[in-house]
Amino acid sequence: MARHFFLWQIAVDPDVRSYGLGFALVKRLIDSLGENVRAFEATIDIGNDAAYNTLISLAKTYNANITQKYLFLECDFFSNHHKETLIRLERKEELAK
């Protein structure tokens, strides 16, 4: 059975950005989940380069497959809101053993 973890938000205070804090926090979270979790998912505004690059770096760190698709479009929200893209990092089969 596949097990997934979904992270709704990634946020780092502007005063401490560019120090790798977001990467370190999410990596620690993933590491704490253990080997039973096969996939990690998060939604981001695809225009948020910091969040996107953090997830790309995590995929490289874990040698994970990464996929992305729109989860919510602007029309899915009642207010002025950006698209939400679902980013999925999934362990490759050889790592799942």
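Helices (H or I, at least four residues) and strands (E, at least two) are DSSP runs, numbered from the N terminus. Trace the chain from the N terminus and the elements run β-α-β-α-β-β.

Keep in mind that this is a predicted model, where local features need pLDDT of at least 70, side-chain atom pairs count only at pLDDT 80 or more, and totals for chains, interfaces and linings use all residues. Residues are numbered from 1 along each chain as its sequence is written, and side-chain values use heavy atoms, with hydrogens and water left out.

**Stop 1: the sheet**

Select the strands. They form an open sheet of 4 strands with mixed pairing, in the order β1-β2-β4-β3. Two strands pair if DSSP finds at least two bridges between them. Which strands stand at the edges? They are β1 (4–7) and β3 (65–72). Each has a single partner strand, so one side of each is left without a neighbour in the sheet. From one strand to the next, the twist averages 20°.

Now zoom in on β1 and β2. They pair in the parallel sense over 4 bridges. Pick His-4 and look across to β2: its bridge partner there is Ala-39.

**Stop 2: helix α1**

Check the length of the helix. At 1.5 Å a residue, the 13 residues of α1 should span 18 Å, and the end C-alpha atoms are 19 Å apart, which agrees. The expected span is 1.5 Å times one less than the number of residues.

Next, show side chains on α1. Gly-22, Val-26 and Ile-30 are buried. Buried means under 20% relative accessible area, exposed over 50%, and partly exposed in between (1.4 Å probe, protein chains only). The buried residues of α1 pack against β1, β2 and α2. Turn to the other side of α1, where Leu-25, Arg-28 and Ser-32 are exposed.

Step just past the helix. Gly-34 takes a positive phi of about 85°.

**Stop 3: the core**

Select Val-26, Phe-40, Leu-55, Leu-58 and Leu-89. Of the 13 residues in the largest nonpolar core, these five touch the most other members. A nonpolar core is a set of buried Ala, Val, Leu, Ile, Met, Phe, Trp, Tyr and Cys residues joined through side-chain atoms within 4.5 Å. At least two residues of this core come from each of α1 (21–33), β2 (39–44), α2 (49–61) and β4 (84–90). The largest share, 4 residues, comes from α2.

Centre on Val-26. Not counting residues up to four places away in sequence, Val-26 touches Leu-7, Ile-10, Phe-40 and Leu-58.

**Stop 4**

Go to Thr-85 in strand β4. Is it buried or exposed? At 3% relative accessibility, Thr-85 counts as buried. Beyond four places away in sequence, its contacts include Ala-42, Ile-44, Gln-68 and Tyr-70.

Then pick Ile-66 in strand β3. Ile-66 is partly exposed, with a relative accessible area of 33%. Beyond four places away in sequence, the residues it touches include Leu-55, Ala-59 and Ile-87.

**Stop 5: two loop residues**

Most residues other than glycine have a negative phi. Select Ser-18, in the loop between β1 and α1. Its phi is near 75°, a positive value in a residue other than glycine. Ser-18 is exposed, with a relative accessible area of 79%.

Finish at Asn-63, in the loop between α2 and β3. Asn-63 has a positive phi of about 50° although it is not a glycine. This residue is partly exposed, at 38% relative accessible area.

Methods: Contact = heavy atoms within 4.5 Å. Axes fitted to C-alpha atoms, helices over the stretch in contact; angles between N-to-C directions.
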